[in-house]
Amino acid sequence: MHVKEQRSHQGGISRIEAFRPSLLRLAEARLDRQLRTKLDADDIVQEAMVKAYLGLGHLRTVEEPSVVRNWLRRILTRVLSDQRKRTSRIFGESQPVSRGD
């Protein structure tokens, strides 16, 4: 990676990281009481952040906060959905998948 690309990537990471608190609040709001006993909102957010870091090169711009926020919320929503499905398979419970923002 060239120095210019590396600086751009690091800037993207810091912009993404700035959204961690709001993603945590969103994850906590979307985990129902039953799921909270099996899943931790911090772990959900961490998984979403890792996916975001790995996909950072595919994001067109990190300069526009609303674009980054919406992108991160979509990633978080997919991670939550995947975790609900995984939890349902493991514990044999039927969990509705919340897609609302």
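Helices (H or I, at least four residues) and strands (E, at least two) are DSSP runs, numbered from the N terminus. By that definition the protein chain has five helices and zero strands, and from the N terminus on its elements run α-α-α-α-α.

This is a predicted model, in which local features need pLDDT of at least 70, side-chain atom pairs count only at pLDDT 80 or more, and totals for chains, interfaces and linings use all residues. Residues are numbered from 1 along each chain as its sequence is written, and side-chain values use heavy atoms, with hydrogens and water left out.

**Interior**

Buried means under 20% relative accessible area, exposed over 50%, and partly exposed in between (1.4 Å probe, protein chains only). Of the 101 residues in the protein chain, 34% are buried. A nonpolar core is a set of buried Ala, Val, Leu, Ile, Met, Phe, Trp, Tyr and Cys residues joined through side-chain atoms within 4.5 Å. The largest such core has 23 residues, and I16, I44, W71, L72 and L76 have the most contacts inside it. Elements giving two or more residues to this core are α2 (20-30), α4 and α5. Its largest share, seven residues, comes from α5.

**Charged surface**

Lys and Arg count as positive and Asp and Glu as negative, while His and the chain ends are not counted. Patches are made of residues with over 30% relative accessible area and no salt bridge; like charges are joined within 9 Å, nonpolar side chains (Val, Leu, Ile, Met, Phe, Trp, Tyr) within 5 Å. The place of a charge is taken as NZ of Lys, CZ of Arg, CG of Asp or CD of Glu. Accessible areas come from the Shrake-Rupley method with a 1.4 Å probe, and for residues only the protein chains shown count as cover.

K51, R74, R78, K85, R86 and R89 form a positive patch. Helix α5 (residues 65-91) gives the largest share of the positive patch, five residues. K51 lies in helix α4 (residues 41-55).

A negative patch is formed by E28, D40, D42 and D43. D40 sits in the loop between α3 (33-36) and α4.

**Salt bridge**

A salt bridge is a side-chain nitrogen of Lys or Arg within 4 Å of a carboxyl oxygen of Asp or Glu. The structure holds one: the side chains of E17 and R20 meet at 2.4 Å, N to O.

| Residue | Relative accessible area | Class |
|---|---|---|
| K51 | 40% | partly exposed |
| D40 | 37% | partly exposed |
| E17 | 28% | partly exposed |
| R20 | 23% | partly exposed |
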